[in-house]
Amino acid sequence: GNGDEQNSDTAPLDVNQNHNNNSTIDGSYIPHKNILKLINSWAYIGEKIMHGNPSGLDNTISTFGGTLSFRKDLENCGKPIFAPISKCPALRTLITNTKVPRETKVLVGNVKKLMEEKKEYVDTCWKGISEIVTTFQELVTDDHDDNMLYENISSLFERNQNLLRNVGVSHPSLEIVCNSSKTFGFTTKLTGAGGGGCAITLLGVETISTSGN
């Protein structure tokens with residue numbers, strides 16, 4: 001679950017190793033996996049300073065690449081578990097910065113408060129989000145038509161945004177982006193903690209894979 005497996009799974013086969021056990025691909029420097037692990041650890045510390053109790057997904061995927069799923073191992077003190085999503089196509093997306101600052105710690109605290117007040121309701125939303133992740137992985141793993149895949153993922157984007165709105169982490173600025181993109185036939189959802197920040201709009205599906213499988 002430390003991202004090491006993802007790096008080995010997605011590494012090209014024609015990598016040339018230099019004397020420092022680092023790699024080069026088309027002249028580009030690729031650090032050794034131990035260096036990547038160190039970079040990832042320091043990046044995670046920065047995430048903790050900024051966000052309190054982050055998942056670690058952002059820094060892990062930025063360091064090791066590929067497309068990963070994330071879940072907490074509730075039987076092991078919430079330890080993060082990352083897994084590569086095989087055959088995942090590249091998604092063409094548009095990121096819109098609402099320029100509305102958000103405090104991840106505050107948003108997480110608000111969700112926890114809502115859970116204390118309406119636990120069954122929030123649990124239902126989390127279950128729905130978990131099902132979206134599972135459905136996405138099944139969609140991209142199976143053989144698919146790109147146009148149909150785009151429609152299906154667009155539907156998942158919309159369902160995800162609805163559930164995130166229900167637990168109170170959307171924001172009027174994000175809803176403006178969602179509604180504006182919808183008039184042009186695109187689907188948008190919040191990304192990150194919500195409450196402002198950025199929105200991600202699905203524009204299309206590429207034929208190349210992001211997973212190296």
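User: Let's start with Phe157: is this residue buried or exposed?

Analyst: Happy to begin there, with the note that this is a predicted model. Phe157 sits in helix H6. Its relative accessible area is 12%, and the cut-off for burial is under 20%. Phe157 therefore counts as buried.

User: Which residues does Phe157 touch, not counting residues up to four places away in sequence?

Analyst: Good follow-up, and the C-alpha atoms give some background: Phe157 and Ile132 are 25 residues apart along the chain, with 8.7 Å between these atoms. For contacts, heavy atoms must come within 4.5 Å. With residues up to four places away left out, the partners of Phe157 are Thr187, Thr188, Lys189, Ile200 and Leu202.

User: How are H5 and H6 oriented to each other?

Analyst: Two packed helices are described by the angle between their axes and the distance between the axes. For helix H5 (residues 119–141) and helix H6 (residues 146–166), the axes come within 10 Å and cross at roughly 165 degrees. Angles over 145 degrees count as roughly antiparallel. H5 and H6 are therefore roughly antiparallel.

User: How do the residues of the contact of H5 with H6 divide into nonpolar, polar and charged?

Analyst: H5 brings residues including Tyr121, Cys125, Ile129, Ile132 and Phe136, while H6 brings residues including Leu149, Ile153, Leu156, Arg159 and Leu163. Sorted by class, the residues in the contact of H5 with H6 are 12 nonpolar, 5 polar and 1 charged.

User: Which residues of the largest nonpolar core touch the most other members?

Analyst: This core has 27 residues. The elements giving two or more residues to it are H4, H5, H6, helix H7 (172–183) and strand E8 (198–209). The members that touch the most others are Phe136, Val140, Leu149, Ile153 and Val169.

User: What does Leu149 touch, not counting residues up to four places away in sequence?

Analyst: Leu149 is one of the core residues that touch the most other members, and it also takes part in the contact of H5 with H6. Leaving out residues up to four places away in sequence, Leu149 touches Pro89, Leu139, Val140, His144 and Val205.

User: How are H4 and H5 oriented to each other?

Analyst: The axes of H4 and H5 come within 5 Å and cross at roughly 120 degrees. In this contact, Val111, Leu114, Met115 and Glu117 of H4 meet Lys119, Val122, Asp123 and Trp126 of H5. By class, these residues are 5 nonpolar, no polar and 3 charged. Given the angle, H4 and H5 are therefore oblique.

User: And how are H2 and H3 oriented to each other?

Analyst: Helix H2 (residues 33–51) packs with helix H3 (residues 57–64) at an angle of about 150 degrees, and their axes are 9 Å apart. H2 passes H3 in a right-handed crossing. The angle therefore makes H2 and H3 roughly antiparallel.

User: How many nonpolar, polar and charged residues does the contact of H2 with H3 have?

Analyst: From H2 the residues are Leu36, Lys37, Ile39, Asn40, Ala43, Tyr44 and Glu47, and from H3 they are Asp58, Asn59, Thr60, Thr63 and Phe64. By class, the contact of H2 with H3 has 5 nonpolar, 4 polar and 3 charged residues.

User: Why does Lys99 count as exposed?

Analyst: Lys99 lies in the loop between strand E6 (89–97) and helix H4 (104–117). Its phi is near 65 degrees, a positive value in a residue other than glycine. Exposed means over 50% relative accessible area. Lys99 counts as exposed because its relative accessibility is 71%.

User: What separates the C-alpha atoms of Cys198 and Thr98?

Analyst: Cys198 is found in strand E8 and is partly exposed, at 26% relative accessible area. Its contacts, leaving out residues up to four places away in sequence, include Ile95, Thr96 and Asn97. Cys198 and Thr98 are 100 residues apart along the chain, and their C-alpha atoms are separated by 5.7 Å.

Note on methods:
Residues numbered from 1 in each chain as written. Predicted model: local features only at pLDDT ≥ 70, side-chain atom pairs only at ≥ 80, totals over all residues. Heavy atoms only, no water. Axes fitted to C-alpha atoms, helices over the stretch in contact; angles between N-to-C directions. Helix = DSSP H or I, 4+ residues; strand = E, 2+ residues; numbered from the N terminus. Parallel < 35°, antiparallel > 145°, perpendicular 65-115°, else oblique. Nonpolar A, V, L, I, M, F, W, Y, C, P; charged D, E, K, R; others polar. Buried < 20%, exposed > 50% of the residue type's maximum accessible area, 1.4 Å probe, protein only. Core = buried A, V, L, I, M, F, W, Y, C linked by side-chain atoms within 4.5 Å. Left-handed = near helix turned anticlockwise from the far one by under 90°.
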